[in-house]
Amino acid sequence: MKVLTNTALVLGALGVMLSSCSKRQQSQKTGLAYNDPTNGGYLRFQQSHPTPGPGLVPIEGGTFVLGGSADQDVTYEYNNMRRRVTVPSFYMDETEVSNQDWLDYLHWINITFPNDNELYYNALPDTLVWRRPLSYNEPYVDNYLRHPAFQDYPVVGVTWEQAQDYCVWRTDRTNENILRERGNLVTWKDAAGGKNGATPNNALKEPFNTDIYLNGQYKGQGIDGKKMIVDLNPNAPATGTGKNGRPVRPVRLEDGILKQGYRLPSEAEWEYAALALAGNTQFENINDGRVYPWDGLGVRSPKKTTRGLILANFKRGAGDNAGVAGGLNDKAIITAPVRSYQPNDFGLYNMAGNVNEWVADTYRQTSFEEVDDLNPFRGNQFTNKRLADPAKGLYAKDKYGRPIKDPARSNKKLKYADMIAQQQAQAAGAANNGAQPAVTANADPLAGKPYTSDYRGYGDSVNTSLYGTTTLVNDHSKVYKGGSWNDMAYWLNPATRRFADQESTSAEIGFRCAMTMVGAPEIHPEGKPHYPVKRPKNYKAR
């Protein structure tokens, strides 16, 4: 039973605009009319469910047993103890990020920062991962990333840090494209000079960044599009002219137009999505467990038309990466195109085999026992955006137009006076060549004790100073999962886990992105008994 595919998502439109009902909605608590410029412009935005970003499919969350699909701990690592947890609904890439996707990224860097050789070099994958002292792999070194024959193959040789940078870039390009296509920013055509190739009408002197835009730092002539949103605030500055001479404003988070950020999936999200037990579930009853992302205990297809075919790209045995000529078992010597084989019941391709995939978690042997049972994750490093001008609330930016982030200095909302003092200290640190006081030396004004924003080692039962000295595990150890073209079938089990340094690369590790889903977690309510959500009396859906 194939369920929860992208085409089945019918939960609302992309745009969430101001209600255009003939009768204005009113506050249930004060009676004030919403979206009325004559009474102060109180805003209420039409509620809807956002659609996934490009390349993503919806994954309906729920409870499952983390580590539960592992049959035997053949490595005796004891690092995947079974634990029931809940994973909220989210979106995940249908496929691994491909070479073509990464070439798009490199092309953007090249045209945006043509003179920044360091940025381009740092974004290049390590193609030397194909080299082996006693193997002739130089053709892969020269061709795998750039030759058109490999453009739909998963990108490899990418570090965990490079994957994180790609997620940030993809978020900004997706949101910029949405705003330009909608007309909230100058359109691509006008930004390029219009029909006649005139001087480009784009005053945006630095690359678009979602955080900077939402903070109101991108606006003005040459940036604002022709279809800006009318600002109902009576004190709104005249940033442009809309209907009836009203001022206009940039898009806000409350409009529901921009996408959440792309990111690496957590380890729990990845394992949950790989198992796809929703395909074996009816009314909370799981008919059959799984060892792999498909039904059954084997790695061959049981279906009549495809009986005996290998279901993933992996190494069948020593010296057997593909099988015998004339009947290749998995049709791949190394990696395979990202849409090879059958997708699992969530519609995800290659959640077993092809390449291992980076996830966001920092590795600890006992993570499965220690993480929270709701949205489990290890690796939090809480940050705040640095303010260049505390009085105006303007973010400080690096040379690439991205907000500078400093370690968070409190885990609670501060009193206003404490917040102002903290901002002034940050501004002073920025003026002093960007030096910032040590986080642990700043006591949390509310908790009355030092606060650390780095929780990667939270709950560790050993002295953290030993990490990296007496063990290979440290705060830079990141989890990867899924098995690869060069792994035995054991590693195709979603519960298996390994780790590598975040700066390391391999011909056997790639990645895919995820995105947080906001709002109601249920994706397919149709045909199921449920209690309806009671709407306000004056509610009217668009």
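Analyst: Here is a run of questions and answers on how the labels follow from the values, for what is a predicted model.

User: Why is D320 called buried?

Analyst: Buried means under 20% relative accessible area. D320 comes in at 17%, so it counts as buried. The residue sits in the loop between β9 (285-286) and β10 (356-362). Leaving aside residues up to four places away in sequence, D320 touches K315 and N329.

User: What makes D320 and G323 a polar contact?

Analyst: The cut-off for a pair of N or O atoms is within 3.5 Å. Here the backbone nitrogen of G323 lies 2.8 Å from a polar atom of the D320 side chain, so the pair meets that distance limit.

User: And D231, why does that one count as buried?

Analyst: Same test: the limit is under 20%, and D231 has 7% relative accessibility, so it counts as buried. D231 is in the loop between β5 (229-230) and β6 (248-249). Its contacts, not counting residues up to four places away in sequence, are A236, R246, P247, V248, R249 and R252.

User: How do you know that β4 and β18 are paired?

Analyst: Pairing needs at least two bridges. Three bridges join β4 (residues 90-93) to β18 (residues 514-516), so they pair, and the two run antiparallel. Y91 stands opposite M515 in β18.

User: Which sheet do they belong to, and what makes a strand there an edge strand?

Analyst: They are in an open sheet of four strands, ordered β1-β4-β18-β7, with antiparallel pairing. β1 (56-59) and β7 (262-263) each pair on one side only, and that makes them the edge strands. Helix α7 (residues 267-275) packs on this sheet, touching β1, β4 and β7, and its direction makes about 75 degrees with that of β4.

User: Why is α7 called largely enclosed?

Analyst: Nine of its nine residues are buried, so α7 is largely enclosed by the rest of the structure. Among them are W270, Y272 and L275. After α7 comes A276, with a positive phi near 50 degrees.

User: Why do β10 and β17 count as a pair?

Analyst: Two bridges join them, and the requirement is at least two, so β10 and β17 qualify. They run parallel, and N356 stands opposite I509 in β17. Their open sheet has the order β16-β15-β10-β17, with mixed pairing. The edge strands are β16 (498-501) and β17 (509-510), since each pairs on one side only.

User: How do you know that the length of α1 agrees with that of a helix?

Analyst: Helix α1 (residues 99-112) has 14 residues, which at 1.5 Å a residue should span 20 Å; the end C-alpha atoms are 20 Å apart, so the two agree.

User: Which residues of α1 are buried, and what covers them?

Analyst: The buried ones are N99, W102, L103, Y105, L106, W108 and I109. Their cover includes α2 (117-123) and α4 (160-182). In general, an α-helix has 3.6 residues a turn, so residues three or four places apart point the same way.

Technical notes:
Residues are numbered from 1 along each chain as its sequence is written. This is a predicted model: local features need pLDDT of at least 70, side-chain atom pairs count only at pLDDT 80 or more; totals for chains, interfaces and linings use all residues. Side-chain values use heavy atoms; hydrogens and water are left out. Contact means heavy atoms within 4.5 Å. Axes are lines fitted to C-alpha atoms, for helices over the stretch in contact, and angles run from 0 to 180 degrees between N-to-C directions. Buried means under 20% relative accessible area, exposed over 50%, partly exposed in between (1.4 Å probe, protein chains only). A polar contact is a pair of N or O atoms within 3.5 Å; within protein, one must be able to donate a hydrogen and the other to accept it, and residues adjacent in sequence count only if both atoms are side-chain atoms. The expected span of a helix is 1.5 Å times one less than its number of residues.
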